[in-house]
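Please open the model in your viewer and keep the selection tool at hand.

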Amino acid sequence: MIHASGLYKRYGDLVALDGVSFEIARGSVVGLLGPNGAGKSTTMKILTGTLVPDGGHATIDGRQVLPGDAESRRAVGYLPESTPLYRSMRVDGYLDFVAGMLGLGRSERKREVARVIGACRIGIHAGRSIGALSKGYRQRVGLAQALLGDPQVLILDEPTSGLDPAEVVHMRELVKELGREKTVLLSTHVLSEIEATASRVIIVAGGQLVADGNPLQLARKKSARLILLMRLGVDDMGVTDEEIGRELYDAAGVKEILDVSDLGGGVKRCAMRVERSVGSDSLQGEPVAELVAARVVKRGWHVSELSWEGLDFEAAFLELVEAHRASREAQA
Amino acid sequence: MRGLVAILRREFASRIDSASALVVTLVFAVVAQGLFFLLGHPVGSLQLPSFWEGRTASLQVVFAWLPLLFVGFVPALTMAAWADERAAGTEELLLAWPVSGAKAVVAKFLGVWLFLGLALLITVVPLALVVASLGDLDWNVVWCGLFGAFLLGGACAAIGLFLSALFREQLAAYLASVLVLGLLWVGGLLVPSLPPEWAEFVYYASPYAHFFDSAARGILDARDLVYHGTLMTAGLTANTLLVEGRRWK
């Protein structure tokens with residue numbers, strides 16, 4: 001759906017993007033992460049046709065993004081950083097204007113405006129001036145304009161920036177909901193937001209691609225110790241803690257049993273240190289947990305909770321970015 | 001085409017809805033009418049008495065003032081058109097929507113030009129009605145003069161819009177436009193004092209040759225259409241290159 005190949009962009013002496021390539025399939029939410037000046041916004045601007053790269057190219061749904069090509073731009077809904085809007089306009093008038101920019105006829109415009117007003121829950125403010133809205137509602141209006149024309153690709157540059165916690169939660173829900181049908185590329189500085197909404201993260205630093213993968217996998221690769229926690233229902237089977245420990249230890253990928261304790265009512269709490277990766281990554285990025293769970297279920301025990309301890313995506317992100325910076329400094 | 005119409009409507013409506021644009025238009029109309037009735041045109045080689053003093057059924061005084069009034073009025077209409085888009089960041093969205101930079105430029109120009117046309121009608125038609133009620137007004141000259149003023153306003157608007165795209169601040173765009181349009185007007189005033197080889201060039205480059213000495217006197221000349229058309233095309237082309245060029249920056 002989105003294809004970026006060797007994107008290169010220079011602002012004067014500053015190289016903003018240096019050969020960034022990635023592909024994003026239809027129907028997924030992908031986070032674009034990086035420190036300030038990493039090249040996130042430049043990448044997004046190139047994908048939306050507002051900037052032309054000095055090298056490489058981008059395609060949306062098979063069409064190359066070119067300044068003169070209206071079709072590739074029609075396929076993309078874009079919410080730029082800081083949500084620029086015509087504040088003197090009314091919400092419904094603004095959305096009608098944007099629908100007109102997309103080339104929609106009068107009846108289509110009316111239908112589309114009503115649809116996005118409903119989707120972004122801004123109906124009660126439809127008749128108000130945009131300038132009179134709170135930051136959260138302005139952000140929703142920005143998202144609503146991006147949804148007009150039902151584009152298959154949404155590019156959202158820091159959609160939760162400056163929102164209060166309740167509005168952040170709402171925006172995340174909205175993005176997750178949209179990600180079920182559309183391809184969403186969102187950039188943010190808030191790492192927890194990526195963990196909460198995106199199934200994949202692309203990390204850029206200094207204009208280069210540093211990492212690309214599942215946030216959990218990236219965290220797992222960079223975490224010093226991987227601890228898998230499990231709550232196990234063994235009912236009244238007369239199973240001892242030692243027996244559970246042995247069973248878990250024999251599971252593929254388990255390196256050490258740290259604790260098996262009785263929580264009462266036939267429920268056991270188990271903690272084990274596991275390997276970074278076992279088998280194929282096709283098991284939703286959690287092969288070890290899947291394998292351990294499958295083994296205990298085979299014994300007739302019930303897994304009531306399975307979680308990771310010590311997975312720190314933030315630390316992994318910082319380590320990746322720092323390592324990239326150090327390697328570039330060494331090269332220089 | 002729908003994108004162009006959407007921008008045109010927004011540009012026109014934003015001026016109709018803007019209190020400051022309406023106040024500026026009101027000032028333009030009141031000043032033009034005040035000059036016509038009370039002061040006349042005692043500037044440069046073109047000395048005309050006021051309407052009450054001269055008692056002539058003609059709108060020459062107001063047409064003589066229009067080039068100078070446009071120097072202050074047109075930049076007030078154009079200054080925000082691009083400078084505001086840049087300051088608010090909306091230019092980025094404008095370039096992301098499926099409308100080319102050239103269409104956006106033309107649409108903004110048409111929005112401003114239509115509003116200017118409306119302002120001209122509001123200013124000149126009441127004057128013409130008053131004069132016609134008191135004397136034998138030649139309406140052909142009035143309509144011809146209005147058409148010429150509309151063309152001149154379009155040329156000024158194209159220049160003002162281009163200069164607006166150069167700046168982020170409305171005030172800077174306004175001052176730059178006043179300076180450029182003012183130089184055009186002053187050039188016409190200086191013609192009698194210039195050496196003959198310069199005087200002819202400056203005269204033909206100034207609005208006097210292509211408005212006051214032709215359309216304002218009821219003469220439609222193809223050279224005037226070429227003059228105004230060239231200024232509009234140059235302004236809009238430069239504006240388009242500037243806006244589209246930002247994609248490559």
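What follows is a guided tour of a predicted model, with selections in chain A and then in chain B.

**The two domains of chain A**

Begin by selecting residues 2-216 of chain A, which form domain 1, and then residues 223-310, which form domain 2. The centres of these two domains of chain A, taken over C-alpha atoms, are separated by 40 Å.

**Helix H1 of chain A**

Next, select residues 40-48 of chain A, the helix H1. Why is this helix described as largely enclosed by the rest of the structure? The reason is that 8 of its 9 residues are buried. Among the buried residues of H1(A) are Lys40(A), Ser41(A), Met44(A), Ile46(A) and Leu47(A). Now extend the selection to Gly49(A), which follows H1(A) and has a positive phi, near 85°.

**The loop residue Asp61 of chain A**

Move on to Asp61(A), in the loop that joins strand S4 (55-60) to strand S5 (63-64) of chain A. Asp61(A) is not a glycine, although its phi is positive, about 55°. Is Asp61(A) buried or partly exposed? Its relative accessible area is 43%, and Asp61(A) is therefore partly exposed, since that class lies between 20% and 50%.

Select Glu158(A), whose place is in the loop between strand S7 (153-157) and helix H6 (165-179) of chain A. Glu158(A) also has a positive phi without being a glycine, with a value near 50°. With a relative accessibility of 10%, Glu158(A) counts as buried, because the limit for that class is under 20%.

Thr188(A) is buried, with a relative accessible area of 2%. Which residues does Thr188(A) contact, leaving aside its neighbours within four places in sequence? They are Leu32(A), Leu33(A), Glu158(A), Thr160(A), Glu193(A) and Ile194(A).

**Helices H5 and H6 of chain A**

Now display helix H5 (residues 135-147) of chain A together with H6(A): their axes are 10 Å apart and the packing angle is about 15°. H5(A) is therefore roughly parallel to H6(A), as angles under 35 degrees are counted in this way. The crossing of the pair H5(A) and H6(A) is right-handed. To view the contact, select residues of H5(A) including Tyr137(A), Arg140(A) and Leu143(A), and residues of H6(A) including His170(A), Met171(A) and Leu174(A). The residues of the contact between H5(A) and H6(A) comprise 6 nonpolar, 3 polar and 2 charged.

**Gly264 of chain A**

Select Gly264(A), which is found in strand S12 (residues 254-264) of chain A. Gly264(A) is partly exposed, and its relative accessible area is 35%. Select Asp235(A) as well: the two residues are 29 residues apart along the chain, and 9.7 Å separates the C-alpha atoms of Gly264(A) and Asp235(A).

**Helices H6 and H7 of chain B**

Finally, turn to chain B and select helix H6 (residues 101-134) and helix H7 (residues 139-166), whose axes come within 9 Å and cross at roughly 150°. H6(B) is therefore roughly antiparallel to H7(B), the term for angles over 145 degrees. The crossing of H6(B) and H7(B) is right-handed. In the contact of H6(B) with H7(B), 20 residues are nonpolar, 3 are polar and 1 is charged.

Conventions:
Residues are numbered from 1 along each chain as its sequence is written. Chains are lettered from A and ligands numbered from 1 in the order in which they are written. This is a predicted model: local features need pLDDT of at least 70, side-chain atom pairs count only at pLDDT 80 or more; totals for chains, interfaces and linings use all residues. Side-chain values use heavy atoms; hydrogens and water are left out. Helices (H or I, at least four residues) and strands (E, at least two) are DSSP runs, numbered from the N terminus. Buried means under 20% relative accessible area, exposed over 50%, partly exposed in between (1.4 Å probe, protein chains only). Axes are lines fitted to C-alpha atoms, for helices over the stretch in contact, and angles run from 0 to 180 degrees between N-to-C directions. Angles under 35 degrees count as roughly parallel, over 145 as roughly antiparallel, 65 to 115 as roughly perpendicular and the rest as oblique. A crossing is left-handed if the near helix is turned anticlockwise from the far one by less than a right angle, and right-handed if clockwise. Ala, Val, Leu, Ile, Met, Phe, Trp, Tyr, Cys and Pro count as nonpolar, Asp, Glu, Lys and Arg as charged, and the others, Gly among them, as polar. Contact means heavy atoms within 4.5 Å. Domain bounds come from an automatic or database domain assignment.
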